[in-house]
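The sequence and structure come first.

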Amino acid sequence: MNTSPCHSPAHLARRTLLRGAGVAGISWLTPLADILAVEAEAAPKGKPARSVILLWLGGAASQLDTFDPHPETNIGGGVKAIPTAIKGVNFAAGLEQTASVMQDVSLIRSMVSKEGDHERAFYNIKTGYRPDPTLIHPSIGAIVCHELPEAKIEIPTHVSILPNQWPARGGFFGAQYDAFQMYDPKSPVPDVKARVENKRMDRRMEGLAVVEQAFARGREANMDQTKTLHQISMQRARNMMSSDQLKAFNVTDAPAKELNAYGDTPFGRGCFAAVRLIQAGVRCVEVTLNGWDTHANNLEGQATQVKILDAAYASLIRDLKKLNLLESTIVVCGGEFGRTPKINNVGGRDHWPHAFSMLVSGGGFAGGRVIGATDPQGEKQAPEKPVLVEDLHATVQDLLGIDYSREVMTPVGRPMALSKGEPVKELQAHA
Amino acid sequence: MQHLVMNSATPSSNWLLWLRNAAILGALTVGAFYGVAELLSPPVAQLKSDPGLPQAQLVDIQRTAQAVDADFAKTWAQQQLQPTAKTDDLTLVRRLSLALTGSIPSLQEIRMLESMQRADVPQWWLSHLLSDRRTSDYLAERLARVYVGIENGPFLIYRRRRLVDWLSDAIQQNRPYDQVARALIDSNGVWTTNPEVNFVTVTNQMNKKGPDEVKLAAKVSRAFLGVRIDCVQCHDGKLGSTWKQSDFHQLAAFFGQADFTLNGLRDDPKQNYKIRYLGKMEEEKVPAKVPWKSELLPATGTPRAKLAAWVTAKENKAFARAMVNRMWALLFNRPLIAPVDEIPLDGPFPAGMELLADDFLSHGYDMQRLIRVIVGTQAFQMSSQSSDPDYPVTLAAENAWAAFPVTRLRPEQMAGSVIQAASLSTIDAETHVLFRIKRDIDVNNFVKRYGDSGEDTFDDAGGTIPQRLLLMNGNMITSNTSNNPLINASTRIGMLSPDNATAVEAAYLSIFTRRPTPAEQTHFTSLLATSKSRGSRSIAMSDLYWTLMNATEFSWNH
């Protein structure tokens, strides 16, 4: 079993190295960043993607008030439409910036899920599988870390920024693949500063070795690797504490202009940090924007969230492109399901897993394409050209060069494909 | 507010208040120094009268536990597993304290138990804990997570705190569990004066009149019957499940008449539950029907009263099994059947389950007896470690309960243990209210950062990086282990121990509830021996505390 999937167990004293070279710290969009970026070289055309950013619109964004508006119909709900960079494709007003980057983004308007409950649907959209009482499936970020281990990075390579109740999990790959959770990047990552000097720390660790030996007696020899992960995660935590890559989590030293382009919101800062983390070599970052569950006053509720999303999403795509990272980084944006065409008696839209929208970009996804369509009258439940949740997962894994159909053995002894879907070739640039 | 105004108007009462606080602080300080010396010197017994059961009852309980042991022994023989030996008394005391109070025992308690010199220390300790408010409060909190989750729920019509207190009272008084369940399912009135109605009112949804039938059906079936019938909410069962979508909604229909009025929760016969089934075009009225053993449903009464009677009927054994499985999980940190709320209706059942369920049923759903029976089993009392290092405990042995399972402590158990280990005396209902408030705040902050798993699940997830960071560098560990002669045990033990060996032993007892091995004793005693000044000695003690709290042994139940 590979016990340090996303980390090097042999700790490099990177901090000392850099200090010796007279390097003060990370700097946004300067050659200096290249020194710290472990593996941020741009992928040549057709080369598999190497990292993923997932932007979750938690609570379920309404497709009708974002990427699939049907204004002036009886399901329009008062939404106004604006044109996008894709000819003939309109977005809801408020998404002007996102509309302007659509040449680099493709749109799926026919996502279909079978889960209409937030928790179950989040499980489904993050893992590509429906909840199963006998085992927990790994989320896409955990699969990426498991399949594409990264040796040169000291910070967690699976990160969840502003997680809701259901952050990405390692599932049957183990808790070491769980996403590292952090909140508004405005504040520093907590508890990463040692409270005592090195000499005392060494003394503490020496004592710990004696204590661990006593506990291990008469127990499974590899209990730490197979079960407790205690000493392993402690070592990883210590590597992280002394790593200069930690700076990628911090946005406070960024030039105000660049940061503000993302919007002065926790989600905006989360997206900004996501770019920095990807630049530093992180495999998968998820950023969550909650507040889309508009069972009442849908129009206003969606518009408020759209404003936060628009600046952050468009800036993220633009910056990834500027940094030559878009070709190697997949960006997926959407909710766990959509919202009903019918407006309820308190002006809200309820849960609707039958047809919703998702933006996909970068890492080999084509730009400027649209797949699927929903009924403008809201009468037909099924969309044209449906894309199942598992198909989206297969597509993403395929672009990362992962054999999505490969079966892995689960702890319950049942072989399980990494994804049971089929890639949507229409969405891939080089298919 | 009124007090503040009065105080500012009369300066003399301000002055008196100050004097009183100063006196209390002074007394606490003196008491603290006096108390610690007592703890480190030969122990002084503080025996309360034996709170135990009559001998005949204890014998009867042990008889059931032995029957369970024989059941397990058959499994072990089949699988050719050698169970581990019985563990020592202090380890049992630690397991009991963690399971029942959510914290490790204090040094004060350990000294008291050791001074008793009786053969049945764990048994005495269990009786003591069952009469201790910490136990009923902690178990009530764990059960409340099952019944209403951890969210604060709809404002105005939901009071979680009141429900937890009500449950705690019920556990303290050892109210039969079927009565508790019936009250939760079928009670009327206002959420503040009748705390049990919060079970229903928590499900109230915005924009929807009355409680949520679907959530209630899911909760009743999972929490009280150990059945996940909610999986068929949207369609008939798949993958071998025989449940129909209608089974679930007919169960939900028992809550169709529950409604909120000015007088609180009540049933309105004019209302009913409607649903549009998969594949149907129209909503239809759903009759209230139970998914099995419909002959147990009474003919009369409100729908909720009928449901409550059916759930708790003696012939409906799923009810007893669900509690057995949960209580087993609370005591072992792992259920007999996993997941804890999915027990097959018709078996097959693992060793122990049917015997324990029968005993629980035939003794009037006596929860304290159930705890005593489980604690009396060989499975609970055996070591988690093999005595022969050449044949260590295997995963198969652990899974078959042939060794006590090593499981991760829950976040609140971790927090409670850190705080308790840092204080030499017991933090309980007798502790000054200010300390208890501070403790609650500290625990909440810690649990939030450590990662609260929300519902009462029993997964065996390993440790994570944020957890290690929190234990290595977090505020709680730092402030509880640093040099602070007024509050922290590490400093006080260092200052007052007659010699280094006693100091190391006191730290081990406070944190691990055991004495150090010779290798451990040598290592830490020699470290202390090189610290000559008072300052460096205090630092060495602080490092020892930090080290023990960062060990696997502290984070895992064993």
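## A hairpin in chain B

B:Ala258 stands opposite B:Asp267, a residue of strand E2(B). The model is a predicted one, and the positions described here are computed from it. The pairing to which E2(B) belongs joins strand E1, residues 258–261 of chain B, to strand E2, residues 264–267 of chain B; the sense is antiparallel and there are four bridges.

Another facing pair in this pairing is B:Thr261 with B:Gly264 in E2(B). Two residues lie between E1(B) and E2(B), and the two strands form a hairpin.

## Chain B as a whole

Chain B has 27 helices and six strands. It has 558 residues, of which 46% count as buried. Taking the contacts in chain B between residues at least 6 apart in sequence, 69% join residues at least 24 apart.

One covered element of chain B is helix H9, residues 177–185, in which seven of the nine residues are buried. The buried residues of H9(B) include the charged side chains B:Asp178 and B:Arg182.

## Chain A and its confidence

Chain A contains 12 helices and 15 strands. Of its 431 residues, 53% are buried. Among the contacts in chain A between residues at least 6 apart in sequence, 73% join residues at least 24 apart.

The average pLDDT of chain A is 88, and 89% of the residues score at least 70. Residues 1–44 of chain A have a pLDDT below 50, and this stretch has 75 contacts in the model beyond near neighbours in sequence.

A:Phe272 is part of helix H10 of chain A, residues 266–279. Why does A:Phe272 count as buried? It has 26 C-beta neighbours inside 10 Å, and the cut-off for a buried residue is 20 or more. Leaving aside residues up to four places away in sequence, A:Phe272 touches A:Val251, A:Ala254, A:Leu259 and A:Tyr262. The C-alpha atoms of A:Phe272 and A:Ser315 are 8.2 Å apart, with 43 residues separating the two in sequence.

A:Thr329 is found in strand E8 of chain A, which covers residues 329–334. A:Thr329 is buried because 30 other C-beta atoms lie within 10 Å. Which residue 278 places away in sequence has its C-alpha 4.8 Å from that of A:Thr329? That residue is A:Ser51. A:Ser51 is also among the residues that A:Thr329 touches, not counting residues up to four places away in sequence; the others are A:Ala49, A:Ile53, A:Ile278, A:Leu320, A:Gly362 and A:Gly363.

## Where the chains meet

The contact between the chains involves 41 residues of chain A and 43 residues of chain B. On the side of chain A that touches chain B, at least two residues each come from strand E6 (180–182), helix H6 (198–216), helix H7 (223–228) and helix H8 (230–241). H6(A) gives the most to this side, with 10 residues. Sorted by class, the side of chain A that touches chain B has 18 nonpolar, 10 polar and 13 charged residues.

## Helix against helix

Two packed helices are described by the angle between their axes and the distance between the axes. For H6(A) and helix H25 of chain B, residues 518–529, the axes come within 9 Å and cross at roughly 170 degrees. H6(A) is therefore roughly antiparallel to H25(B), since angles over 145 degrees count as such.

Which residues meet where H6(A) and H25(B) come into contact? From H6(A) they are A:Gly207, A:Val210, A:Val211 and A:Ala214, and from H25(B) they are B:Ala519, B:Glu520, B:His523 and B:Phe524. By class, this contact has five nonpolar, two polar and one charged residues.

Note on methods. Residues numbered from 1 in each chain as written. Chains lettered and ligands numbered in written order. Predicted model: local features only at pLDDT ≥ 70, side-chain atom pairs only at ≥ 80, totals over all residues. Pairing = 2+ DSSP bridges. Contact = placed C-beta atoms within 7 Å. Axes fitted to C-alpha atoms, helices over the stretch in contact; angles between N-to-C directions. Parallel < 35°, antiparallel > 145°, perpendicular 65-115°, else oblique. Buried ≥ 20, exposed ≤ 12 C-beta atoms within 10 Å, placed from the backbone. pLDDT = per-residue confidence, 0-100.
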